[in-house]
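Hi,

Here is the structure we talked about. Please look it over, then read my notes below.

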Amino acid sequence: QLSIPLGSAYQPLLRAQNQVLKKAVVDEQANSASFKEQLKLRDQSLRKQEQEMDSLSFRNQQLAKRVELLQEELAVSDAKGKKGKSKADSPSQHGLETQSVFDEDLQKKIEENERLHIQFYDADEQHRKQEAELTTRLQELEKDLEQHQAVVDGLTTKYMETIERLQSDKARLEVKAQTLEREAKECRMRTEECQQQVRRCQSELNRQVKQSSTVIQEKVPFNDTNGTNTLCVFFLFFQLKARDVAGQALSFIQDLVAALLNFHSYTEQRVHIYPLDSSIEPISPLNQKFSQYLHENAAYVRPLEDGFLQLHQSITEDTVTVLETVVKLKSFADNFSSYTHFLQKILPYQLKSLEEECNASPCTAALIAKNQELQSDMKKVTSVFEKLQSYIKLLALPSRLTLKIHTISVFTQLAACLHSLHDAIKEMSKHYNQKASFEQELPTITQKLCTTTECLLGSLGSLTSSTGKISTFFSNNLDFFTSSGYSPRGSTVALNPLQAESMLANKKKAAAYIHAIKQSVPYREALSNRRILTSSTESREGLTQQVQQSQDKIARLEQEKEHWLLEAQLGKVRLEKENQRIADLESQLAAEAEREQNAAGKETTLCTSLVGDEESREQLIKTHYMARVGELTTQLQISDSKAVHFHSECRALAKRLAIAEKSRETLSEEVRLANQNVTRLQDELTTTKRSYEDQLSMMSDHLCSMNETLSKQREEIDTLKLGSKGSAKKNKSR
């Protein structure tokens, strides 16, 4: 991630250097063309003058020869004239005329020769001057060429270094891309493994839920708590959950307090350094007052941690934790209100201090814009703290008639305010980072200010992190905060402190009563005994069939018993009748009164036997059904106990399933974000590669064109040097 901004930072510098180099090359090409044209004109004029000098020298030689011939002729004519003085006048006259003609011709030739000598001297002087000027110009051009060559060599070296650096950056980026691709593959593999684990967990939880449901329906032996165990378990779970949530919130509050202390302290240090350094000159009265207020920040920030620590210590397993019974929340709300008033008090000084920074001399337009954004951010943060103060005060009110829906609304708005606070501080941190980067470009920046600004940015980063953790924590536990807790069944009124105290007293009495009972069978021992009693049976269906068969058999036997009892009674009656008839036949002489008495005694005996049989049968039936009712009652208690036990297990499994679902959603979100990051990094890598390749191709083309231009210039300079050397040799030979 460090190599990509490095390459992007080189791009503006390379573009600027490329433009400068192009401009220099164009200027050099124009100068070279003008120098070529001037050299060509001078060469043409030099050749023309050389031709004129050659023609003049040739004409001068001809004239010199003609003068010599004429002088010889004159000498011959003079010698002839002296010898022939004695001749006639006609030949002397003819000689004089010829002499006069030769004298005139000679005078003309002498004048022409003098004029040619003057022209030749002037041309020679002009040629020497032009040659000296051209030599000087050539030396200047050679110096310029050497300078331009040095510049070109320096630029070539610089561009070669830049190309090497870009190539190394490209190689590093390729390595980074490969590393990111490997990490992306590993992330995808881990994501697939996590998804498989989530699916396995879901299938396992579904199986366990089904198994638990089956066991609850079929295998639960009894419930010896009659519903009170569930209440106790819920009570203990709620208290443990409340203490755990309060402990997590305490750690987050401690981080927030540390971040706020650092932020205010480093802000105070910055006020003493910028825009005026207090060690060199006194700062403004406004900043002095602002610094004095910031120096008192610990008196407002520390009580937040102390108040919440007392709130956490008041939540124990032996207390009832609901919103109406947490009295320490009022002290925390008061401390939070004090800190909010502190923020409101220092807000105008913060805004004025930023305005003073804007009015300072080295402040640029970009810094002024960032200071204005920071002013709006500070106003927003203070307003969010005011909203949080209002909601916390509302929760800490000692009202006993607050409806549940109102409490839920307050907690929901409080969660939204926490998210707004995180967003506002995050925005302020971003603007401070941008402001620090602009301040680094100022010429008057000092090392002390840089160090203080870095510390301030670090405190803002920790403050952003702590507020983000608090908002996420509050949103995740919003269901717990808005749960009903302890309240009478069917009532919308929350539990008040008196009811909580009564419930705790009853709980202590129940615990003391349970400890006082020493003859009661432990729950595990009762379950063990039940398993021992039911170990011989195979299943509930088999037992039900056996019971049904036994009941049918008992009913059939009862019917047979009644039938045979009636048969026995009838047989007894028949026997008695037969005995009576035999007695009647044997004693026909008995009297009628005796027969009547005997008949009455027989009837009384029969009725007595029938009544005794009915009473014994009713006693047997009553004993049987009482035993059956006792057995069914025992089975019902065992079933209720098992049902409660498995119900609690099912609730735990359901909660674990919900946690697994949340973790799966979190992992899915992380995977989605990771895929987005991978895609973004791949796009950035592709863009960077393309830009680097385009730049390298442009640089290569430019270097090729520069090399061609330099080779052409070298060839032309070599040609000019050879031409100048040849002309110099010719002049020396002449």
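Which residues do ring pairs link into a cluster? They are Y300, F308, F332, F336, Y339, F342 and F385. Bear in mind that this is a predicted model.

Aromatic pairs come to nine. One of them joins Y339 and F385. Their geometry is edge-to-face, with 5.6 Å centre to centre and 75° between the planes. Y339 sits in helix α6 (residues 328–359) and F385 in helix α7 (residues 365–395), so this pair ties together parts 46 residues apart in sequence. Both Y339 and F385 are buried.

Next, helix α5, which covers residues 298–313. Its 16 residues should span 22 Å at 1.5 Å a residue, and the end C-alpha atoms are 22 Å apart, so the two agree. The buried residues of α5 are V301, L304, G307, F308, L311 and H312. Viewed down the helix axis, they fall within an arc of 140°, so they line one face of α5. A299 and Q313, on the other side, are exposed. F308 also belongs to the ring cluster.

On cysteines: the whole structure has zero disulfides. C358 counts as buried because its relative accessibility is 16%, below the 20% cut-off. C704, at 45%, counts as partly exposed.

Last, the annotation. An unreviewed UniProt entry places "coiled-coil region" at residues 124–197, 540–595 and 650–684. In the model, residues 650–684 are 100% helix and 0% strand. The end C-alpha atoms of that stretch are 50 Å apart.

Best wishes

Terms used:
Residues are numbered from 1 along each chain as its sequence is written. This is a predicted model: local features need pLDDT of at least 70, side-chain atom pairs count only at pLDDT 80 or more; totals for chains, interfaces and linings use all residues. Side-chain values use heavy atoms; hydrogens and water are left out. A disulfide is a pair of cysteine sulfur atoms within 2.5 Å. Buried means under 20% relative accessible area, exposed over 50%, partly exposed in between (1.4 Å probe, protein chains only). Helices (H or I, at least four residues) and strands (E, at least two) are DSSP runs, numbered from the N terminus. The expected span of a helix is 1.5 Å times one less than its number of residues. The arc is that of the directions from the helix axis to the C-beta atoms. UniProt positions are given in the numbering used here, feature names are shortened, and annotations may be inferred rather than shown by experiment. Rings of Phe, Tyr and Trp (its six-membered ring) pair if their centres lie within 6.5 Å; planes under 30 degrees apart count as stacked, over 60 as edge-to-face and the rest as tilted.
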